[in-house]
Amino acid sequence: LVVAMVGVVALLARRPWRWVWGPLLVGLAATGLGIWLPRLWGIGDRYQYGVYYAWLGQGVVSPLGHLARLVSWGNLGFLAAALLPYAALPLAGTAALLLTLPAYAQLFLGAPGISPLVLQLQYSALLLPGLTVAAVVGLGRVLRATATPKTTITRFLARNPGLLPLVTVVALGYSALTLGPLLGALGSALAAPKDANLRADRALLARIPAGASVVASYRYLTPLSARPRVQALNYALLGSRQFNAGPYPPPPAGAVWALNDADLLTVEAQYRDHPLYGRAYALGATRLRRRLRAANARVAFAEDGRLLLGPVGEPLDALWQVFADTPAARPTAAFGELELLGLVRGAGPGVPLKLHWRLQRATAQRFHLRLTAWRNGVAAYQRVWPMAYGLYPTADWQPRTVVVTQANFNPGAQLPPGVYALALEVVIMRTGHLELAADRSTQLVAEYAPVGSPLDLGEFTVATTPHR
């Protein structure tokens, strides 16, 4: 589209016709191929153009609606932030600024709307060619105007020749530090050697046999992407490809499943109330259990929210077991319709727990556990754990049965030496959404509501420093 707009700019500048028709034909042909080719892979009308722009064809779009979107704070903030790295020089580029128009329209007319957040994603690359050309043209016009100043602004710039370079450098530096991932990426790189979670994730991935096919949750997809076959756990859970473009293929025999419970909480925040995927998500854990049972998957590793399943290891029942109800059993604590019949804290370097539950009546609610380590009245460690690693949520439990779940927290890897008081809560996710972290990775921001009273698990001692 940027190339096609070169032809439009050439037309306005009264350039020879070859500069008009050449870019127009090449740009429009490339755009057509970009829309048509993905349809050959079965995505069809559910490709992103149909998903993001379908609202434009749903009835008559009011001009006032477009005007309201145009003057919204999100759009105005986006425009100001896009011009900031160029010190607003593209505004002096006049016709050259038209190069950005198709890319801007593509972002502006998308169903999610537009905001400065878009500049922190890869979509902003669409604007760079047009903004850069317009800035170069604008800079040339400003320099020519200051050579023969005729207005107050140009006379001021002519008397202060170092001002324009200074403003440009400051604007570019400020933009790089605020809009770009430089500081966040640098901070993540410096913190990586001491990041206990990162070390634990790497240790989990090192357990996967070379050449094995993998079904992975979000954070493991990138480091495993060089393998011959990697599937995304979220689509395996939903049972469909992106944009509901057909069923998601089952993993091959002998595949390894690499799960992180934090990713499963992210999946809940994304899809639980989604208008398109909500129903598929509600059935997702049942779908995963069926596939795991069919593949005879076994537990190779389970600790602190990290789970590795494959052809070798303990039976899947090591994660949860279901028994007939024992009516005489009296609950030790109640959390709404969920009763705790017993809790055993095992021995070990972490906090291994074995919990006996009973559901009084069927529920669509997904109860989670939250472990908090307190020291001097301050929460030094906190982790939310979905029941049975999210594979057997309470929404799938049958009432009046006893469900035994296992959890193995390891707060010591992230805490300095000392004595901590442990508290265990039953919580539900009230709200959740994704935000960009400073290094441009995504992070879940969720609000959990406690159900019932917390359970006192006693003390936990960290004797040695977890890292050096």
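This report walks through ring pairs, salt bridges, one glutamate and a surface patch in a predicted model.

**Aromatic pairs**

Let us begin with the rings. Across the whole structure, a search turns up 9 aromatic pairs. One of them joins Tyr271 and Tyr277 in an edge-to-face arrangement, with 5.4 Å from centre to centre and 85° between the planes. Tyr271 and Tyr277 are both buried. Another pair brings Tyr392 together with Trp397: the ring centres are 6.0 Å apart and the planes meet at 40°, so this pair is tilted. The tilted label follows because planes under 30 degrees apart would count as stacked and those over 60 as edge-to-face. Tyr392 has 8% relative accessibility and counts as buried, and Trp397 is buried as well, with a relative accessible area of 3%. Elsewhere, Phe78, Tyr104 and Phe108 are linked into a cluster by ring pairs.

**Salt bridges**

Now to the charged side chains. Side chains of opposite charge can pair when their charged atoms come close. The structure holds 14 salt bridges, and the table gives some of them.

| Salt bridge | N to O distance |
|---|---|
| Arg272 and Glu268 | 3.4 Å |
| Arg293 and Asp317 | 3.6 Å |
| Arg370 and Glu425 | 3.0 Å |

How exposed are the partners in these bridges? In the bridge between Arg272 and Glu268, Arg272 is partly exposed at 24% relative accessibility, whereas Glu268 is buried with a relative accessible area of 3%.

For Glu425 and Arg370, the closest N and O atoms are 3.0 Å apart. Glu425 is in strand β13 (residues 418–436) and Arg370 in strand β10 (residues 368–375), so their bridge ties together parts that are 55 residues apart in sequence. Both Glu425 and Arg370 are buried.

Salt bridges also form a network, which links Asp201, Asp261, Asp304, Arg306 and Arg383.

**Around Glu339**

With 10% relative accessibility, Glu339 counts as buried. What does the side chain of Glu339 make a polar contact with? The partner is the side chain of Gln360, at 2.5 Å. Setting aside neighbours within four places in sequence, Glu339 is in contact with Pro331, Ala333, Ala334, His356, Trp357, Arg358 and Gln360.

**A nonpolar patch on the surface**

Finally, let us turn to the surface. Leu11, Trp17, Trp21 and Leu25 form a nonpolar patch there, and together they have about 500 Å² of accessible area. Which helix gives the largest share of the nonpolar patch? Helix α2 (residues 17–36) does, with 3 residues. Leu11 lies in helix α1 (residues 2–12). At 45% relative accessibility, Leu11 counts as partly exposed.

Notes. Residues are numbered from 1 along each chain as its sequence is written. This is a predicted model: local features need pLDDT of at least 70, side-chain atom pairs count only at pLDDT 80 or more; totals for chains, interfaces and linings use all residues. Side-chain values use heavy atoms; hydrogens and water are left out. Rings of Phe, Tyr and Trp (its six-membered ring) pair if their centres lie within 6.5 Å; planes under 30 degrees apart count as stacked, over 60 as edge-to-face and the rest as tilted. Buried means under 20% relative accessible area, exposed over 50%, partly exposed in between (1.4 Å probe, protein chains only). A polar contact is a pair of N or O atoms within 3.5 Å; within protein, one must be able to donate a hydrogen and the other to accept it, and residues adjacent in sequence count only if both atoms are side-chain atoms. Contact means heavy atoms within 4.5 Å. Patches are made of residues with over 30% relative accessible area and no salt bridge: like charges are joined within 9 Å, nonpolar side chains (Val, Leu, Ile, Met, Phe, Trp, Tyr) within 5 Å. Accessible areas come from the Shrake-Rupley method with a 1.4 Å probe; for residues, only the protein chains shown count as cover. A salt bridge is a side-chain nitrogen of Lys or Arg within 4 Å of a carboxyl oxygen of Asp or Glu. Helices (H or I, at least four residues) and strands (E, at least two) are DSSP runs, numbered from the N terminus.
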